[in-house]
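Subject: Structure for you to look at

Hello,

I am passing on the structure below, and I would be glad if you read my notes with the sequence and the model side by side.

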Amino acid sequence: MTLKIQLIFIVFSIAIICSILELVRRKKIRPRYSIFWLINATFFLVVSIFGKSGLLELFSKLLGIYGPPNTIFIIGSCLVIVLLIHFSSIISLLFFENKKLILKLSLLCWRIEQLEKEKNESSGIKSAF
Amino acid sequence: MSMDRKVLTIILTYNEEKCIVEVIKDAKINFPEGDILIVDGESTDGTVSRAKGMAVNVLTVPHSLGIAGGMEAGIMFADYHGYDFVVRIDGDGQHPAGEIKNLLPPVLKNEADLVIGSRFKQTSDDYTPTMVRSLGIRLFSQLLFLATGQRIYDTTSGFLVFNKRVIKYLSSLRNFEYSEVETILILNKAGFRILELPISMRKRQGGQSSFTAGLAFFYVFIGLMSIFLGLMRPLEKTGGKEL
């Protein structure tokens, strides 16, 4: 792995870490969702930094990959997949909470209708609808 | 203490059926000027029924939103009904209502916007945290000092008193997620006056803390992150809309 590509990987992962931190600072991303990003980006950074050691070459040979930079790309892709799965679970949770809200709302509307009916009946006014 | 202004006493509860009646009685006797609002995180025990039996308002907030949700609901309630001041205490009996009259005057006299009732400015017999917690608390305190320039010892105290300016400001924020540390950071950056006064707290009067070890660690981590980010670049002093 050349120094050039290693530097690119390192700069890339640092850029991601800084972007995520800035987005959290500006409240565009909840801190708890940023944790996963930071763990993944840091892992990627560490792998990039140690890319020059023999470990990466060894790992590439084991997996049958020709060039060590390719291994890092693959690791990066796996991290992205893990992140996407994480987001799928967050979205699912949001769906369930949203559904509960909607159902509660339906019940609330029904209760208001009942209250309006009772109020109109007791005051003897015919409903306008 | 005669009051011509409205005070809302927010009591946050989750499964506190053992002591909720005592807490409400304590609030009614020792701080009758406050309208009591119980904000319950969907308790699975008799907390809500016992509270309703004491003729106080009860607001139910989904458990998944936690203390943050409860507090934000209470603030929304206070804003909607035009309350001038909010007093917040926890439903586990750790916050004696008698201490409210020690925290309220600075806000009443408009010398402070937020008053924090602190466990750590003076030693209190009933509350002694463990070594690890003390270190964590001192760490938070030191970091918060670096980020805000203000010395606060009890950064996670739930015993708070604040005024309408704070109510309006917090209600106006778009991306706000309540936590004690976050609130101190934000209010400090926005120019509000924060005061910390010593009070004595009791031990939890029954029931269990909903904070597991894992959850506590998680919130500490999130809190540290907020403080570090607050250190990174000072948040712009804003009027209140954009953060």
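In this predicted model, the axes of helix 1 (residues 3–25) and helix 2 (residues 31–49) of chain A come within 9 Å and cross at roughly 165°, where axes are lines fitted to C-alpha atoms over the stretch in contact and angles run from 0 to 180 degrees between N-to-C directions. That angle makes the two helices of chain A roughly antiparallel, a label for angles over 145 degrees. Residues of helix 1 of chain A, including A:Phe9, A:Ile16 and A:Val24, meet residues of helix 2 of chain A, among them A:Trp37, A:Leu45 and A:Ile49, contact meaning heavy atoms within 4.5 Å. Helices here are DSSP runs (H or I, at least four residues), numbered from the N terminus.

In chain B, B:Ser226 lies in helix 8 (residues 213–232) and is buried, with a relative accessible area of 13% (buried means under 20%, exposed over 50%, partly exposed in between, with a 1.4 Å probe and protein chains only). Leaving aside residues up to four places away in sequence, B:Ser226 touches B:Glu182 and B:Leu185.

As for confidence, chain A averages a pLDDT of 89, and 95% of its residues score at least 70, pLDDT being the predictor's confidence in each residue, from 0 to 100.

Residues are numbered from 1 along each chain as its sequence is written, and chains are lettered from A and ligands numbered from 1 in the order in which they are written. Local features need pLDDT of at least 70 and side-chain atom pairs 80 or more, while totals for chains, interfaces and linings use all residues, and side-chain values use heavy atoms, with hydrogens and water left out.

Best wishes

Methods
Angles under 35 degrees count as roughly parallel, over 145 as roughly antiparallel, 65 to 115 as roughly perpendicular and the rest as oblique.
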